[in-house]
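Let's take a friendly walk through this protein chain, from its overall build down to one of its helices. Please keep the structure open as you read.

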Amino acid sequence: MTTLLGISGSLRKASTNTKLIRYAAEVFAPDAFVEANIDFQLYNGDVESEEGIPQAVQALSDQIAAADAVIISTPEYNKAISGALKNALDWVSRTEGNPWKDKPLAIMSATAGRAGGERTQFSLRLAMMAFRPRILQGPEVLVAASSEAFNDDGKLKGDMYVKLMKELMGDLKALT
Ligand SMILES: Cc1cc2nc3c(=O)[nH]c(=O)nc-3n(C[C@H](O)[C@H](O)[C@H](O)COP(=O)(O)O)c2cc1C
């Protein structure tokens, strides 16, 4: 029984990063695919000391710990990862233990820009370093002009993207 957890760094209903993790999950074909909710309040040390870890944050931490592999797709906001994603990573880092340790992890990005989020992927790698997951070094799935990159049925257009995604998910599976 393989469980794959997908984290989209965009909160938007029509998010192309959410489409990308769904497509990645289709390619990976796990027994169970879980989509994370990262719509958390902003991290505030006072909230943590007065109220403890929010339930939704603990739920995500538990989902990461329980998953056989994780995929994260991040948008590029001013050349870096979204605030929502960084906030979620910060909150999870405050939970007991480190659910990321040795976790097989693949990252990807979907952006409006032409570079497909090269810089945001780099910033995500830096953000993840502290948690020591087993993060794949490539191939890089960088989906440019993402509003036009998917068919109506959620399939990624373009042979190159499809090939890279197959390779990335194949490597993630091998690591699991
Ligand atoms: C605050 C903000 C900053 C952005 N900065 C960039 C950027 O640096 N590079 C880029 O390619 N797109 C940038 N964009 C456009 C996003 O790539 C685009 O909104 C993308 O579709 C977001 O992903 P989503 O479809 O999953 O929501 C920015 C968008 C916002 C809202």
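A residue is called buried if 20 or more other C-beta atoms lie within 10 Å of its own, and exposed if 12 or fewer do. With that in hand, please note that this is a predicted model.

**The chain as a whole**

The protein chain holds 6 helices and 6 strands. Read from the N terminus, its elements follow the order β-α-β-α-α-β-α-β-α-β-β-α. The radius of gyration is 15 Å, close to the 16 Å that the globule rule gives for 176 residues, so the chain is as compact as a globular protein of that length. Contacts between residues 24 or more positions apart make up 80% of those with a separation of 6 or more.

| Property of the protein chain | Value |
|---|---|
| Span of the C-alpha trace along its principal axes | about 50 × 35 × 25 Å |
| Share of the 176 residues that count as buried | 40% |

**A closer look at helix H3**

Which residues of H3 are buried? They are Val 57, Leu 60, Ser 61 and Ile 64. Because these residues cover an arc of only 100° around the axis, they sit on the same side of H3. An α-helix has 3.6 residues a turn, so residues three or four places apart point the same way.

The buried residues of H3 pack against strand E1 (3-8), strand E3 (69-74) and helix H4 (83-93). On the face turned away from the buried side, H3 carries the exposed residues Gln 55, Asp 62 and Ala 66.

Technical notes:
Residues are numbered from 1 along each chain as its sequence is written. This is a predicted model: local features need pLDDT of at least 70, side-chain atom pairs count only at pLDDT 80 or more; totals for chains, interfaces and linings use all residues. Helices (H or I, at least four residues) and strands (E, at least two) are DSSP runs, numbered from the N terminus. The arc is that of the directions from the helix axis to the C-beta atoms. Two residues are in contact if their C-beta atoms, placed from the backbone, lie within 7 Å. The radius of gyration is taken over C-alpha atoms; the globule rule is 2.2 Å times the number of residues to the power 0.38.
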